[in-house]
Amino acid sequence: MHPTLPLALLCLALAPGAASADEYAKLLLDKSRVEFTAKQMNVPTDGAFKRFKAQIALDPASPQTGTARIDVEPASWDAGLAEVNEEMLGKNWFDAKQFPTASFVSTSVKALGGDRYEARGKMTMKGKTRDVVATFLAKPQGTNLVLTGSFPLKRLDYGVGTGTWGDTDIVADEVQVKFQFVLAQGK
Amino acid sequence: MPARYTRTAILLHWLIALTMLGLLGVGLYMTDLKLSPAKLKLYSWHKWAGVTVFALALLRLAWRALHTPPPMPQAMPAWQRRGAEAAHAVLYLLMFIIPLSGWLMSSAKGVQTVWFGVLPLPDLLAKDKQLGHFLEEVHASLCYGLMALLVMHIGAALKHHFIDRDDVLTRMLPHR
């Protein structure tokens, strides 16, 4: 065996996983947010998930290699109203005890031109999985990359807000999920 | 000097009176409810009706600016006239500041008011939990004040009708 072959093989083996110089994959959690807007009686109502984890990698030069996995704790949601927060944890809504995490796992990322990108993936909540498409902006900010975007989902697809809450005249089916993830370069 | 209120004034008086009584009743009832679709519905209707009272009160103020209300009965002592004038002034004030305090409270609690689900009112305050709680107490206190004043107002109207036997009540009743 040629003495340099093992080294070459090692380089090959590492190549797909190795971060290129321009890949951003280090999440700055305290600068990141996962929020949502739901409509009750046609009134937009905002809230945020206080606890979530995310593994995101994006190289603006080759977005198709980008990946994302985001795990949100429904129990950490805050709409600013105590009785609403409490109700949301119950069986009709997130059933947070039974289903402590809601996840998004990307299946593909592509550039839409300019700073715009599209991520397709699977959203799993309350044991039900649906395809979702999120569009987002990725803008450099200092040495970081800031991803901001949103996607709509239909809460009833996931059985969120059942029973008497199933009436979409009171709480609309469509919920807008909004996010900001700040990534630093490197792993 | 006119002896009676105009049809417009009478219509506005009773529209506001009925809406206001409904609002007070619903307001007392809904706040103790457990969160449910029905509660959200009641809150929305309460807010819509409250904004409506504010709008009707503006019309009443415009009516007052353009008309002289019928004079009080000659037989009324001066202190009663002054008392009646003061009570009416405070009633007018409350028709404006109670809806206003509710609107501000909604803003501070982060729940915008969208009139009849169609017309969004601007949020005059940013979301602020403590301020929201404070405004809730202000709104409730003003409403208890209104209730006390309404008891006086209705009591005085009945006293004028049944004891003084003057036209103070009848001139505000619908007529042909």
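In this predicted model, helix α2 of chain B passes helix α3 of chain B in a left-handed crossing. The contact between these helices draws on B:K47, B:G50, B:V51, B:V53, B:F54 and B:A57 from α2(B). On the side of α3(B), the contributing residues are B:M95, B:F96, B:P99, B:G102 and B:S106. Sorted by class, the contact of α2(B) with α3(B) holds 7 nonpolar, 3 polar and 1 charged residues.

**Geometry of the helix pairs**

Two packed helices are described by the angle between their axes and by the distance between those axes. Helix α2(B) covers residues 37–66 and helix α3(B) covers residues 78–108. A further helix, α4(B), covers residues 129–164 and pairs with α3(B). The table sets out the values for both pairs.

| Helix pair | Angle between axes | Distance between axes |
|---|---|---|
| α2(B) and α3(B) | about 140° | 9 Å |
| α3(B) and α4(B) | roughly 155° | within 9 Å |

What word describes the orientation of α2(B) relative to α3(B)? Angles over 145 degrees count as roughly antiparallel, and the angle for α2(B) and α3(B) is about 140°. The two helices are therefore oblique to each other.

For α3(B) and α4(B), the axes cross at roughly 155°. These helices are therefore roughly antiparallel to each other. The crossing of α3(B) and α4(B) is left-handed. The contact of α3(B) with α4(B) comprises 17 nonpolar, 6 polar and 1 charged residues.

**Chain B as a whole**

The helices described above belong to a chain with 4 helices and 2 strands. The C-alpha trace of chain B spans about 55 × 25 × 25 Å along its principal axes.

What share of the 176 residues in chain B is buried? Buried residues account for 18% of them. Contacts in chain B can also be viewed by separation along the sequence. Among those between residues at least 6 apart, 69% join residues at least 24 apart.

**Contact with chain A**

Chain B also touches chain A, with 14 residues from chain B and 16 residues from chain A taking part in the contact. Which element gives the most to the side of chain B that touches chain A? That element is α2(B), with 4 residues. The residues on this side of chain B comprise 5 nonpolar, 5 polar and 4 charged.

How values were computed. Residues are numbered from 1 along each chain as its sequence is written. Chains are lettered from A and ligands numbered from 1 in the order in which they are written. This is a predicted model: local features need pLDDT of at least 70, side-chain atom pairs count only at pLDDT 80 or more; totals for chains, interfaces and linings use all residues. Axes are lines fitted to C-alpha atoms, for helices over the stretch in contact, and angles run from 0 to 180 degrees between N-to-C directions. Angles under 35 degrees count as roughly parallel, over 145 as roughly antiparallel, 65 to 115 as roughly perpendicular and the rest as oblique. A crossing is left-handed if the near helix is turned anticlockwise from the far one by less than a right angle, and right-handed if clockwise. Two residues are in contact if their C-beta atoms, placed from the backbone, lie within 7 Å. Ala, Val, Leu, Ile, Met, Phe, Trp, Tyr, Cys and Pro count as nonpolar, Asp, Glu, Lys and Arg as charged, and the others, Gly among them, as polar. A residue is buried if 20 or more other C-beta atoms lie within 10 Å of its own, exposed if 12 or fewer, and partly exposed in between; C-beta atoms are placed from the backbone.
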